[in-house]
Amino acid sequence: MNASNYLRYLLFIAGMGGLLYGIDVGIIAGALPYLEATAATSWKLSAQQMSFIVAAVLLGSVLSSLFAGLLAEAVGRKWAMLLAGACFVASIPMIAMAEGYGPLLAGRLLQGVSGGLIGVVVPLYLAECLDADHRGRGTGLFQLLLTIGLVAAALIGLAQARGVEAVAASGGDLAAARDHAWRSIFWMCLLPGLVFTLGVLGLSESPRWLLQRGRATAARAALARSRPAGRVEAEMADMTSALRPRDDAGQPAAAGSLLSRRYVLPFVLTCVILACNQATGINSILAYAVNILGQAGLPGSVGNVGDVAIKVLNALMTVVAVLLVDRKGRKFLLMLGTGGIVVSLAAAGLLFRGAEAGQRDVTAAVQARVNGDTLTLPTDAAGFQALGGDAAGGPRQLVIAYAYGEFTNVQTRRSDDLAQAPLVLSRAETVQADSVIGAFFRRLHLNPFPDPEAARQAPLRIESVRVGEVPPQSHGWAVALCILGFVAFFAVGPGVCVWLALSELMPTRIRSNGMSIALLINQFVSTVIAGIFLPTVGRHGYASMFFFWAGCTVLYFLAVAFVLPETKGKTLEEIERHFSRG
């Protein structure tokens, strides 16, 4: 296989890793409605157990991110990728053949472990194997296939949903159809996992990892598979020089402390970029797109169409980013993307602020209706009028934030939803028992989660209740355009460039472990923002979150504009030397 064909093969297999990462994140959405049916009727699982099954991928990803760098350093990038693929392949039959809570949870955890490994090791491998002219496009391809994985997961779920609807229409066994649907959704993900896992066997190990281990002959052979013959020796010399730096007189110099500028500055900069990437609110906006558009004034069905449009636009604009990243450069795209994100978020925040300014605070009136530890509110037109709504006006909506001790929740109701039952707040549906992890940490007096024992004695506390007119559809479409603009700018800039920042900025000596820590920070910020989203919009409105994200993105823009160096067309060793100056 000549160098050009091998390079295409490498990019294809690495891209399949991105596809698996996207499937890891997105596959549960389509399977969950049918999985819940099986879990409730056959296995008698609680809502708490179902939430653990959904969240298990995130937990597995966080856990594997902790050791992904150490693993890649110990066994090599290739074998770490092979392990990631094997974990994904093994997780599919564990989930699809599960007949109870334990195997299902274990399979989802294993799937998360696979995702965490892929998120660290594949961008690391691409950065170390691709030359400066192809590194941007190659890492962009990883992000492109990630977005396609999200779309593919949605399409698989849609296909199975139509099958279930057909069975229901024909009067067939609906329970069996639902059980078959969620299992089939997971089985259909097995093929890309096998392609990635078997494909990794045909790849060479990272030449930089081989050289670090003193295996110069193997490193030269690995380079020769993807480089023209005339460039191999020059790149080998550059890599060797980076491992044994020289002083101004040309003599060998010490590698330097890990606290020196050449290591600390790129490490901190990478962590800041990955934290800011999530602080734009991207994951929360994608996850709650239908809720956000509904609050903006679009009916539920139109909101779902908007959700699909957002995901498709995300994939299309990622194609644009892949084409531009090696032409225009990382810094240019990040500045363009973050600048556009600030404008889009600020515009959406202003639109929500205008709509929320007309809402009335009826917290005291609702608190007075609390009877013991429960509250029942009729949410038809008469119920809204009793809370101070104007019967002559258009449809009204109510947003209520409440708590039992440290357990909080937010619910929304509209007066024009004819199928909606009265709003009932109860302790049983709000306070959840400790998970296994929570119980373990509580015994150590380190549990950051709410205390269920204290909440069982705490009274119902109404924290905020706002009633106002549902915004017109024109307002909803304006917010939708802002969100579409946000997604487009994110895909063109941060969506692709974040993986490049993660892999390019880290010096060789700390690259694998530094990438693990930076990605862990990225996931931590994402989890925190997702956790505070509903309570924040319940108490302070959607405008507050959009303005917060815009403020974080301003900091992101400034960090890119004044601190981040341009890495387009530079080898990893040249980037490392940039941070060692001064």
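Tryptophan 182 and phenylalanine 186: buried or exposed? I looked these two up to start, and tryptophan 182 is buried, as is phenylalanine 186. My cut-offs: buried is under 20% relative accessible area, exposed is over 50%, and partly exposed lies in between, with a 1.4 Å probe and protein chains only.

Ground rules for this notebook. The model is predicted, so I take local features only at pLDDT of at least 70 and side-chain atom pairs only at pLDDT 80 or more, while totals for chains, interfaces and linings use all residues. Residues are numbered from 1 along each chain as its sequence is written, and side-chain values use heavy atoms, with hydrogens and water left out.

**Whole chain.** I find 23 helices and six strands; helices (H or I, at least four residues) and strands (E, at least two) are DSSP runs numbered from the N terminus. Of the 582 residues, 52% are buried. I also checked contacts (heavy atoms within 4.5 Å). Taking those between residues at least 6 apart in sequence, 79% join residues at least 24 apart.

**Aromatics.** I get six aromatic pairs in the structure. In one of them, tryptophan 182 and phenylalanine 186 have ring centres 6.4 Å apart and planes at 80°, so I log the pair as edge-to-face. The rule: rings of Phe, Tyr and Trp (its six-membered ring) pair if their centres lie within 6.5 Å, with planes under 30 degrees apart stacked, over 60 edge-to-face and the rest tilted. Both residues sit in helix 6 (residues 174–187), and because they are four residues apart, about one helical turn separates them. An α-helix has 3.6 residues a turn, so residues three or four places apart point the same way. Elsewhere, ring pairs tie Phe352, Tyr542, Phe546 and Trp549 into a cluster.

**Threonine 197.** I found this residue in helix 7 (residues 190–200). Why do I call threonine 197 buried? Because its relative accessibility is 12%. Its side chain reaches the backbone oxygen of glycine 85 at 3.1 Å. Leaving out residues up to four places away in sequence, threonine 197 touches Leu82, Gly85, Ala86 and Val89.

**Helix 21.** This one covers residues 511–540, 30 residues in total, and reaches 41 Å from first C-alpha to last, close to the 44 Å expected at 1.5 Å a residue. That expected span is 1.5 Å times one less than the number of residues. Where does helix 21 bend? I place the bend, about 40°, at phenylalanine 533, and proline 535 follows within four residues. The angle is taken between axes fitted to the seven residues ending there and the seven starting there. After helix 21 comes glycine 541, with a positive phi near 90°.

Technical notes. A polar contact is a pair of N or O atoms within 3.5 Å; within protein, one must be able to donate a hydrogen and the other to accept it, and residues adjacent in sequence count only if both atoms are side-chain atoms.
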